[in-house]
Amino acid sequence: MEHVFLDGRVVLHHGDCRENLKSIPDNSVDAGVMDPPYALDSIVKRFGGNNAAPATPKEGSAGAFARSSAGFMGQKWDTGETAFAVSFWQEVYRVLKPGAFLVAFSGTRTYHRMACAIEDAGFEIRDQLAWMYGTGFPKSHNVSKAIDKHLGVSREVIGTEIIANDMRNSALLNVGKGEERPAYERDVTRPGSSEAAEWDGWGTALKPAWEPIVFARKPLIGTVAENVLAHGTGGLNVGDCKVFTWTPDGDIEPRYPANIVHDGSDDVVSAFPNTPGQQGDISGNERSVPLGGAVYGEGLARMPSLARKDAGSAARFFYSAKADGDDRLGSSHPTVKPVDLMRWLVRLVCRKGGTVLDPFAGTGTTGEAAYWEGCNAILMEREDQYQKDIAKRMGLVLSGPVARLHARTVAAPVEALPLFGELKTAPEPPVSRKVYGSFAEDTAAPDERKAKRKARSVSP
């Protein structure tokens, strides 16, 4: 089953991408831009040996890995049987044109498995991109608390602390609305045993702040020139993907795109050092440092350039795009990528009029990105809810900001509104009188008020 959107520019195939890929012709797609499941927590298939601790409930116990086997944030689709399978990437390899680039997001703990599968399928690993962000949350285990719990020792509360940007303290509703996750207060405790005191301050994980991206290419048929002329693939659109920075004079300075992209958040920007730009002029007759002595000669002459004299965080040298409510459009999907980021990646690897493949469409950001970049998109999505999210997104691509704002707003449930709530039989209210100024309001039960009116209407 499939749906067609935006005058045929975007096609959504429903169902398992492994089956849907079989219907795509050989060498017909210009680029692959996708966000496969990272399989960060689903460990059953990788570590579920005969001697492994149980991953499913057994004899009333949840099992050592029951929580992890549920997938990231409990999502059953977050498994590795597709993203880590060579056979899947061989199908992607088959449908892509020679020289086509493949861009695939991954997780820091599982990147190697996906990268190896992609390479084993026949792709050339050209580079690794880094998507850096400031909204990650640590899933660390407090070693000191664990020891006290293990020993059955209570801990003394010595204060409180404010926790912000922690996904555990809010429902996915906040993610879907694009709101910052609310901060909350929690107790700070003192170790209750000497063993716990020895491990106070120890944890088991770091705060995630970046995701690696496989940047691969299907082999060329010959030279780059031959491949580009024959298939329209093989090169990167460097000219239209430059990163623009501003000089102190207010001039825009284009910079060559790098293999780092980030979300522009304060956490990311502050992590880069403050770096001055080019402070002096370079004349055209200067020569660069020789590359290798007499073997390579004296090197090429530098191009003349004026001093930029800019300064600030080195993050300004890299592309920035941050996911907001307009990217999520009310979806509860936990890993929505910014549409601007996906547009930059599509623009980098696919020329206008080309077709982009995304077998893990999620909420359809790649499809929207391809549309705005003048490309077509083939999307595939298995989950019913996300298919609905894609249809919603495609219907809003050409809508204005007001319609998109309404789309990301969640209406209050009807049952919370007294006029539309379910009628319930309530006990009769007690008879009482409230006096407001010079008149009195009778708040007796309806039947009692009716009887009083009848009594007053009878002449003495």
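The legends below describe close-up views of a predicted model.

**View 1. Confidence along the chain of the predicted model.** Averaged over the chain, the pLDDT is 77, and 67% of the residues score at least 70. Residues 166-178 have a pLDDT below 50, although this stretch has 33 contacts in the model beyond near neighbours in sequence. For residues 456-460 the pLDDT is likewise below 50, and here the number of contacts beyond near neighbours in sequence is 0.

**View 2. The crossing of helices α11 and α12.** Helix α11, which spans residues 339-349, and helix α12, which spans residues 365-372, have axes that come within 8 Å and cross at roughly 60°. Because of this angle, α11 is oblique to α12, and the crossing in which α11 passes α12 is right-handed. On the α11 side the contact is made by V339, M342, R343 and V346, while α12 contributes T365, T366, E368, A369, A370 and W372.

**View 3. The open sheet of 10 strands.** The strands follow the order β1-β2-β14-β13-β3-β4-β8-β5-β11-β12, and their pairing is mixed. At the edges stand β1 (2-5) and β12 (319-320), each of which has a single partner strand, so one side of each is left without a neighbour in the sheet.

How values were computed:
Residues numbered from 1 in each chain as written. Predicted model: local features only at pLDDT ≥ 70, side-chain atom pairs only at ≥ 80, totals over all residues. Heavy atoms only, no water. pLDDT = per-residue confidence, 0-100. Contact = heavy atoms within 4.5 Å. Axes fitted to C-alpha atoms, helices over the stretch in contact; angles between N-to-C directions. Helix = DSSP H or I, 4+ residues; strand = E, 2+ residues; numbered from the N terminus. Parallel < 35°, antiparallel > 145°, perpendicular 65-115°, else oblique. Left-handed = near helix turned anticlockwise from the far one by under 90°. Pairing = 2+ DSSP bridges.
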